[in-house]
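User: I'm new to this one and would like to learn how to read it feature by feature. Could you walk me through it?

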Amino acid sequence: MAADLPTTADVVIVGGGVMGTSIAFHLAEAGVANVLLLERNELGSGSTSKAAGGVRANFSDELNIALGARSLEAFARFGERPGQEIDLQRVGYLFLLETADQLELFRESTRLQNAAGQPTRMIDVDEAVGLAPILAPDGLAGACFSPADGHCTPESVVLGYATAARRLGATLVTGCEVLGIDALGDHITAVRTSRGDVRTGTVICAAGAWSAPLAELVGVELPVTPLRRQIVVTEAIPDLPARLPMTIDFSSTFYFHREGPGLLVGMSDPDEQPGFHLNRTDTWLPRLTEAMTRRAPSLLDVGLTGGWAGLYEVTPDHNALIGEADGVSRFLYATGFSGHGFLQGPAVGEIIRDLYLGHEPFVDISPLDARRFQYDGPRAEWNVV
């Protein structure tokens with residue numbers, strides 16, 4: 001049975017992926033009454049269900065390292081809080097590097113991660129191939145390995161947060177599209193939906209790739225662009241190591257991790273044009289084949305069992321937008337994660353909870369304010385896929 005739409009709410013969260021459900025859980029757990037989450041389709045049906053599931057703290061920016069590390073701690077305890085099996089596989093992240101510049105870049109990011117308590121280390125080519133034997137070592141100069149990282153199941157994370165949020169008193173309504181946001185002066189007064197109106201004074205945007213048009217309803221600019229990314233899954237591959245790392249060829253962005261008896265495989269496509277394109281295409285496959293030929297040629301003989309297309313929510317600097325708008329009260333946002341939203345979801349739910357309650361978050365997220373492009377300019381993050 002679909003939940004009834006209440007006529008009032010203290011806070012309305014728009015978006016039912018990992019970010020929205022994490023926020024709902026953290027608010028409800030903190031005792032916030034009348035938390036309402038709205039999802040126009042089904043929970044987790046947007047970008048979360050299309051994610052590769054990687055979780056890591058291997059970043060080059062100290063703030064992203066902190067968000068990833070905090071989330072890794074939450075994923076490790078997910079069975080107890082909120083209480084859900086998520087098939088967390090801490091097999092590590094393995095970045096494959098080809099040039100002296102790449103090695104120096106990752107040496108520096110490794111120093112930052114070590115300073116934050118992460119066990120990341122630089123390794124040689126032989127050790128990298130030992131971790132991922134399907135690799136061809138030709139052209140590699142070294143690698144970076146973060147053994148505490150890994151992957152888990154995005155849909156299970158959403159289920160865990162959603163179930164716990166409901167248990168704690170939050171209302172989650174699916175099949176409910178936001179049509180408008182009303183304001184009196186600069187104060188939000190109501191959210192208009194396809195199933196009726198809800199009086200509220202607070203809206204939290206967790207709408208992922210669909211965030212920009214939602215924010216425009218209250219005159220807020222969130223520079224988020226939808227960009228299609230595609231993934232394929234292979235047939236069973238004999239003799240895959242049980243603890244095969246999430247492996248990324250940094251030069252090409254070709255990546256893979258175990259998915260049952262086979263591999264989940266993906267990479268970026270520099271020719272992809274922005275837009276809400278969710279159909280699968282073959283246009284990126286020649287580039288994928290080229291990357292496989294160079295880095296893991298044995299995969300060329302493996303068949304594919306399926307795949308899917310999803311959307312990255314990309315910002316100009318590939319860093320998230322987290323904060324509260326100053327032109328209207330109260331419109332909070334957590335979006336634009338550029339492929340890192342799933343893995344940062346637990347930490348960001350905690351941060352948005354604290355921003356809503358007027359508490360100091362565990363880390364200063366003011367550098368991720370959406371207005372940074374007007375004043376401070378873009379932030380650098382190099383460890384992107």
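Analyst: Happy to. Let's start with a term we'll need for packing: two residues are in contact when heavy atoms of theirs come within 4.5 Å. One caution before we look around: this is a predicted model.

User: Which residues of H5 are buried?

Analyst: The general idea comes first. An α-helix has 3.6 residues a turn, so residues three or four places apart point the same way. In H5, the buried residues are Pro154, Ser156, Val157, Val158, Gly160, Tyr161, Ala162, Ala164 and Ala165.

User: Now cysteines. How many disulfides does the count come to?

Analyst: For this step you need a cut-off: the two sulfur atoms of a pair must lie within 2.5 Å. By that rule the count is zero. Take Cys176 as a case: the closest cysteine sulfur belongs to Cys205 and is 15 Å away, so it is too far for a bond.

User: Is Cys176 buried or exposed?

Analyst: Cys176 is buried, because its relative accessible area is 1% and the cut-off for buried is under 20%. Cys152 counts as buried as well, at 5% relative accessibility.

User: Let's move to a loop. Where is Asp269 found, and which residues does it touch?

Analyst: Look in the loop between strand S16 (262-267) and helix H7 (285-295). Leaving out residues up to four places away in sequence, Asp269 touches Thr283, Trp284 and Arg287. Asp269 counts as buried, at 15% relative accessibility. A polar atom of the Asp269 side chain also lies 3.0 Å from the backbone nitrogen of Asp271.

User: How do I read salt bridges, and how many does the structure hold?

Analyst: Side chains of opposite charge can pair when their charged atoms come close. Here the structure holds 20 salt bridges. One of them joins Glu98 and Arg295, with the closest N and O atoms 2.8 Å apart. That pair links distant parts of the chain, 197 residues apart: Glu98 sits in the loop between strand S4 (93-97) and helix H3 (100-115), and Arg295 in helix H7.

User: Which other salt bridge does Arg295 form?

Analyst: Arg295 also forms a salt bridge with Asp249, where the closest N and O atoms are 3.3 Å apart. Arg295 lies in helix H7 and Asp249 in strand S14 (residues 246-249), so this pair ties together parts 46 residues apart in sequence. Both Arg295 and Asp249 are buried. Shared partners then join Glu98, Asp249, Arg294 and Arg295 into one network of salt bridges.

User: What about the salt bridge of Glu104?

Analyst: Glu104 pairs with Arg111, and their closest N and O atoms are 3.4 Å apart. Glu104 is partly exposed, with a relative accessible area of 40%, and Arg111 is partly exposed at 45%.

Notes:
Residues numbered from 1 in each chain as written. Predicted model: local features only at pLDDT ≥ 70, side-chain atom pairs only at ≥ 80, totals over all residues. Heavy atoms only, no water. Buried < 20%, exposed > 50% of the residue type's maximum accessible area, 1.4 Å probe, protein only. Helix = DSSP H or I, 4+ residues; strand = E, 2+ residues; numbered from the N terminus. Polar contact = N/O pair within 3.5 Å; in protein donor to acceptor, adjacent residues only side chain to side chain. Salt bridge = Lys/Arg side-chain N within 4 Å of Asp/Glu carboxyl O.
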